[in-house]
Amino acid sequence: MGVKTMFKWSTKITSAQVLQLIRAEKDVNKALVIFDSATAEYANGFRHDNSTFALMISKLVSANQFRPAEDLLDRVHKEKCDITEEIFLSICRGYGRVHRPLDAMRVFDKMKEFGCEPTPKSYITVLAILVEENQLKLAFRFYRHMREIGIQPCVASLNVLIKALCKNSGTMDAAFKIFREMPNRGCTPDSYTYGTLINGLCRLGKIYEAKELFKEMETKACSPTVVTYTSLINGLCQSKSVEEAMRLFEEMRSKGVEPNVFTYSSLMDGLCKGGCSSQAMELLQMMISKRHRPNIVTYSTLLNGLCKEGKLQEAVEILDRMKLQGLKPDAGLYGKIISCFCDIGKYQEAANFLDEMVLGGITPNRLTWSLHIRTHNTVVQGLCKTDPNRAFQVYLSMRNRSISVDSLTYSSLITCFCKKGDIHKSARIVDELVLDGCLPDEGTWSAVMTALWDRRKMRQAAELLLLELMNKCVEAEVDIQNQDV
């Protein structure tokens with residue numbers, strides 16, 4: 001049965017025509033319909049070749065549709081079409097992108113089975129995926145296999161190996177040993193080699209050694225890339241050498257190396273941690289003027305720094321800017337803003353942001369859950385002093401979402417409503433407190449009893465009961481005296 005398509009093919013279909021149509025179609029499923037429809041009418045004699053298969057597989061991989069991509073790969077084999085290394089590598093890279101390195105290896109292992117002999121490029125690609133995904137034991141075993149089958153070391157493969165060794169402090173010396181031996185193997189270290197080592201040293205806090213290597217790099221006529229500069233700038237900021245980092249930032253710009261979003265974010269982080277959020281905001285403006293879009297890390301860094309310095313208005317503006325850019329603030333960032341409002345006693349505004357979180361479907365993760373609980377309890381306790389009804393609403397929201405209510409919050413609510421004379425709400429909260437396995441403390445009980453006593457009917461009933469008890473006691477005493485007589 002033919003495949004339904006939205007247009008009529010010409011009498012003679014060419015590969016160029018199919019390629020053009022598939023490239024023009026943005027919807028991957030519609031592109032697949034075009035691909036299949038080209039061979040749906042067997043009378044036209046069109047058969048897909050390497051180029052059309054490669055393009056369709058690439059489109060499917062870009063859309064993370066790996067099963068259909070591998071089905072097409074099997075079809076290439078069955079139809080005895082020439083299959084190239086690049087088709088396999090596009091799938092391997094796709095699996096690497098979605099953090100599935102073992103699937104990348106599985107596809108790589110299919111190459112020989114399909115009659116495609118892997119070149120060193122394929123081996124290096126898979127090795128890089130394993131290292132990037134921290135599959136280091138597997139990566140080292142794979143590299144040994146490469147050497148065993150006669151693949152000679154080259155700059156690209158040694159760079160990947162050095163990157164693997166730089167991931168752990170215990171293997172940094174081995175990374176430097178390979179680096180120093182590279183010229184003896186006919187491999188000249190390049191900017192990537194130096195950048196990898198500098199990044200590794202910076203992560204270990206070895207800033208002096210990183211700076212020395214950076215100087216050596218320049219003497220070898222090896223120009224630092226934006227990645228190299230950013231690694232060193234980040235390392236300097238982490239070691240609180242922000243002024244030196246700023247000088248390096250100016251140097252890279254003067255040499256025509258354009259900073260990227262990571263460069264700006266690293267500097268902003270250093271400035272904010274040093275209490276210089278105003279300078280960080282200036283960098284943000286510079287970054288935007290250079291048409292670099294701030295990412296979630298950039299905004300988070302600024303928001304944390306502004307909150308730390310008590311610049312709440314600017315922090316809220318950053319939060320709004322994030323949302324306008326289509327970035328979704330997480331529970332941790334909302335927690336920072338809410339805590340700042342609580343610190344200055346603006347509990348209504350804090351509660352508004354709690355509501356915004358709920359409406360936006362923003363939930364905390366395992367790391368921010370404790371902050372989430374603490375924030376909610378603080379807001380309720382603060383609202384008890386200014387707006388008890390709003391406090392009760394937030395309290396109900398907490399219970400509905402299984403957010404723990406602490407003893408101080410219970411006490412604040414009960415005391416607050418007892419003072420208002422709202423015994424029903426007080427009693428309800430006491431019931432829920434007990435259901436949660438807590439016991440009211442002496443102050444809470446005292447507040448409840450005082451509220452009950454202050455109610456006129458309750459007081460009158462208690463006085464009548466007391467009078468009745470006193471009368472019964474007098475009568476009992478008279479009876480005893482009569483019996484003695």
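Val28 is buried in this predicted model, with a relative accessible area of 12%. That value falls on the buried side because the cut-off is under 20% relative accessible area. Val28 has its place in helix H2, which covers residues 28-37.

What is Val28 in contact with, leaving aside its neighbours within four places in sequence? The partners are Met56, Lys59, Leu60, Ala63 and Gln65. For Gln65, the separation from Val28 is 37 residues in sequence, while the C-alpha to C-alpha distance is 9.2 Å.

Now let us turn to the rings. The structure holds 15 aromatic pairs. One of them joins Tyr395 and Tyr410 in an edge-to-face arrangement, with 6.1 Å centre to centre and 75° between the planes. Tyr395 belongs to helix H22 (residues 388-400) and Tyr410 to helix H23 (residues 407-420), so this pair ties together parts that are 15 residues apart in sequence. Both Tyr395 and Tyr410 are buried.

| Residues | Distance type | Value |
|---|---|---|
| Val28 and Gln65 | C-alpha to C-alpha | 9.2 Å |
| Tyr395 and Tyr410 | ring centre to ring centre | 6.1 Å |

Conventions. Residues numbered from 1 in each chain as written. Predicted model: local features only at pLDDT ≥ 70, side-chain atom pairs only at ≥ 80, totals over all residues. Heavy atoms only, no water. Phe/Tyr/Trp six-rings, centres within 6.5 Å; stacked < 30°, edge-to-face > 60°. Helix = DSSP H or I, 4+ residues; strand = E, 2+ residues; numbered from the N terminus. Buried < 20%, exposed > 50% of the residue type's maximum accessible area, 1.4 Å probe, protein only. Contact = heavy atoms within 4.5 Å.
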